[in-house]
Amino acid sequence: MQDTHHIQQNRMGIRVKLFAFSFQVILLVCSAQAQLSPRFYWRSCPSLEKIVKNAMAEAVQKETRIAASILRLLFHDCFVNGCDGSLLLDDTPTFAGEKNALPNANSVRGFSVIDNIKSQVEAACPRTVSCADILALAARDGTVLVGGPSWPVGLGRRDARTASLRGANSQIPSPLSNLSALISAFAAKGLSANDMTALSGAHTIGFARCTTFRNRIYNETNINAAFASTRRANCAASGGDNNLAPLDLHTPNRFDNKYYKNLLTQRGLLHSDQELFNGGSEDPLVRRYSKNYAIFAHDFAAAMVKMSTISPLTGANGEIRINCRKVN
Ligand code: HEM
Ligand SMILES: *[C@@H]1O[C@H](CO)[C@@H](O)[C@H](O)[C@H]1NC(C)=O
Ligand SMILES: *[C@@H]1O[C@H](CO)[C@@H](O)[C@H](O)[C@H]1NC(C)=O
């Protein structure tokens with residue numbers, strides 16, 4: 001009884017903090033990102049947010065992992081030429097897009113969900129809403145649906161007419177990166193080391209292929225032995241490259257702070273995950289997030305606002321793509 005009371009009081013506290021925090025984020029959106037506005041489609045597409053939210057609810061209901069996959073799509077879009085929908089473009093015989101870049105090939109997923117949302121949005125408001133904005137909203141809604149924090153999404157991004165295979169290969173960090181490489185990759189996008197540590201908490205949901213963590217579970221020493229052995233059972237020293245393991249071994253379908261708890265006990269799945277807690281500069285923040293979900297959720301939301309507004313195309317730049325897979 002007393003416990004419940006305590007938890008309720010705690011929840012109230014968190015709510016008050018989140019309330020105050022929303023104002024801060026709105027201020028951030030209005031000042032630093034003056035060109036994007038949460039009300040951008042207020043007149044031209046009033047049903048937009050509802051369409052995206054309902055479609056994401058349906059998609060997550062069908063497969064929980066889709067929330068993770070769409071969140072990752074936004075990351076991989078925003079890190080290459082900014083949040084411009086470049087990742088969504090299909091290759092053609094005369095055009096090499098980003099889908100077959102090393103970090104994306106055989107790995108990124110969720111495009112059909114974006115296509116489905118786009119066709120519903122086109123039916124309601126033809127030639128009005130960019131694919132880049134749809135992706136930013138869908139990633140936020142998916143995160144909320146699996147228990148994560150919400151954040152205001154500034155709108156008004158336009159879609160790229162190009163993509164960069166080379167950019168995708170060089171600017172999206174590798175799971176083999178060390179801490180300093182991770183910090184530089186995020187710094188190159190205007191994100192701090194602490195933003196990087198908070199954003200990596202996205203690995204509280206979703207899955208990774210054997211090929212991305214094989215070396216870690218066979219060759220590394222800063223890994224819990226029982227955990228490594230469990231993972232080896234479904235990821236042989238050779239073969240089975242596409243076998244999946246959860247990035248958060250406890251609750252891969254729930255957005256919580258267990259990712260950081262795992263790092264404290266050397267149960268990070270990727271080499272890059274464990275780099276955040278391996279005697280370096282981010283150790284104290286990992287400890288803090290592992291102890292307090294509310295602080296993590298707050299910092300994650302603030303960092304998502306930053307990440308989802310990396311150099312958007314606005315005004316007369318780019319276009320409003322009709323089909324997210326190809327330029328008009
Ligand atoms: C810090 C550098 C990062 C590295 C090196 C990295 C690397 C990876 C790798 C290798 C995978 C597994 C992919 C596969 O095997 O197909 C993965 C999955 C994932 N990543 Fe990251 N990531 C990083 C940061 C982020 C960020 C910033 C986000 C989003 C805010 C994110 C969201 C995700 C999600 C949700 C998944 C699971 C996707 C799914 O299940 O479909 N990651 N990441
Ligand atoms: C981290 O990796 C980069 C390049 O991947 C390398 O140049 C650097 O020496 C490494 N730093 C440390 C501390 O190992
Ligand atoms: C372990 O490391 C060695 C030496 O770098 C490498 O040759 C081998 O392929 C690695 N094993 C696995 C399973 O990744």
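The model is predicted, with local features needing pLDDT of at least 70, side-chain atom pairs pLDDT 80 or more, and totals for chains, interfaces and linings using all residues. Residues count from 1 along each chain as its sequence is written, chains are lettered from A and ligands numbered from 1 in written order, and side-chain values use heavy atoms, without hydrogens and water.

**Helices**

Select helix 2 (residues 48-62) and helix 5 (residues 131-145); helices are DSSP runs of H or I with at least four residues, strands runs of E with at least two, numbered from the N terminus. Their axes come within 9 Å and cross at roughly 50°, axes being lines fitted to C-alpha atoms over the stretch in contact and angles running from 0 to 180 degrees between N-to-C directions. The pair is therefore oblique.

**Iron**

Next, select ligand 1. Its iron atom has a single protein donor, H203 (NE2), at 2.1 Å; donors are N, O and S atoms within 2.8 Å of the metal (3.2 Å for Na, K and Ca), and water is not among the atoms, so sites may look incomplete. H203 sits in the loop between helix 8 (193-199) and strand 1 (207-209).

**Lining residues**

Finally, select T64, R65, A67, A68, V146, I205, G206, P252 and N253, which line the largest cavity. Lining residues have an atom within 4 Å of a point on a 1 Å grid over the protein atoms alone, where a cavity is a set of points that a 1.4 Å probe fits but cannot leave.

How values were computed
1 Å grid on protein atoms, 1.4 Å probe; cavity = no way out; pocket = protein on both sides within 12 Å on 5 of 7 lines; lining within 4 Å. Parallel < 35°, antiparallel > 145°, perpendicular 65-115°, else oblique.
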